[in-house]
Amino acid sequence: MWPSLFRTGKSVSSEREAKLQELALLEQQQKLKEGLPYLHGLKHYKWSRKFFESTNHENFLVAANQIGKSSIQIRKCIHWATSPDLWPELWNTALLGKPNQFWYLYPTRDVATIEFKTKWSLFLPANEYKNHPVYGWHVEMERKQVQSLHFNTGVSVYFKTYAQSVMDLQTGTCFSIFCDEELPVPLLPELQARLNAS
């Protein structure tokens, strides 16, 4: 009788340990989902994963409305800004140094501000990651409109608009440029030129 009880006790202990490990894993997954939503907050469609993981120098995304084109582009921008381990693959960091300037273009400043409040806020690092040495960030607003987003990695995302004149877009050496909504075709060569040095 004693050996049987001993085995049962050991089995109960093992089950309890397994459940505790499973609970700890679920808590960690929830922490990452809430803290790094651009990485863990949403599942990918096949096309969105392909876009997100692409390291091509130019990526064009054309698809139906309301399926997540803007969201996946925002997620990719945050990912590149907070992933120093990817930088040598994306840019010649040995020659150029660390990336420091990204541009993100919207049709107007009002649209940029609305998108920042309604979409970017869903994907930016949160909770303890908000002030993390790598994932941490702060936003710069001017007259209640979004101007820029600064990550603790040293990357700044400057919000530009299609409403700006081409002359206003002729300055700046960017490591990456993201364009949301339909890009006016005449702006494409000028934006591509902003990437020539990087």
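## Largest pocket

Helix H4 supplies six residues to the lining of the largest pocket, the largest share from any element. The model is a predicted one. The volume of this pocket is about 1,200 Å³. Two or more lining residues come from each of H4, strand S5 (176–179) and helix H8 (187–193).

In total, 40 residues line the largest pocket. Those nearest its centre are Asn59, Phe60, Leu61, Gln73 and Cys179. By class, the lining of the largest pocket has 19 nonpolar, 14 polar and seven charged residues.

## Packing of H3 on H4

H4 also packs against helix H3 (residues 46–53), with the two axes 9 Å apart and at an angle of about 30°. Angles under 35 degrees count as roughly parallel, so H3 is roughly parallel to H4. The crossing of H3 past H4 is right-handed.

On the H3 side, the contact is made by Trp47, Ser48, Phe51 and Phe52. On the H4 side, Lys69, Ile72, Gln73, Arg75, Lys76 and His79 take part. Four of the residues in the contact of H3 with H4 are nonpolar, three are polar and three are charged. Gln73 of H4, listed in this contact, is also one of the residues nearest the centre of the largest pocket.

## Packing of H4 on H7

H4 (residues 69–81) has a further helix partner in H7 (residues 109–123). Their axes come within 10 Å and cross at roughly 60°, so H4 is oblique to H7. This crossing, too, is right-handed.

From H4, the contact takes in Ser70, Ser71, Ile74, Arg75, Cys77 and Ile78. From H7, Glu115, Lys119, Trp120 and Phe123 contribute. Sorted by class, the contact of H4 with H7 holds five nonpolar, two polar and three charged residues.

Methods. Residues are numbered from 1 along each chain as its sequence is written. This is a predicted model: local features need pLDDT of at least 70, side-chain atom pairs count only at pLDDT 80 or more; totals for chains, interfaces and linings use all residues. Side-chain values use heavy atoms; hydrogens and water are left out. Axes are lines fitted to C-alpha atoms, for helices over the stretch in contact, and angles run from 0 to 180 degrees between N-to-C directions. Helices (H or I, at least four residues) and strands (E, at least two) are DSSP runs, numbered from the N terminus. Angles under 35 degrees count as roughly parallel, over 145 as roughly antiparallel, 65 to 115 as roughly perpendicular and the rest as oblique. A crossing is left-handed if the near helix is turned anticlockwise from the far one by less than a right angle, and right-handed if clockwise. Contact means heavy atoms within 4.5 Å. Ala, Val, Leu, Ile, Met, Phe, Trp, Tyr, Cys and Pro count as nonpolar, Asp, Glu, Lys and Arg as charged, and the others, Gly among them, as polar. On a 1 Å grid over the protein atoms alone, a cavity is a set of points where a 1.4 Å probe fits but cannot get out, and a pocket is an open set with protein on both sides within 12 Å along at least five of seven lines; lining residues have an atom within 4 Å of a point. Grid points are joined across faces, edges and corners, and a volume is the space filled by probe spheres set on the points.
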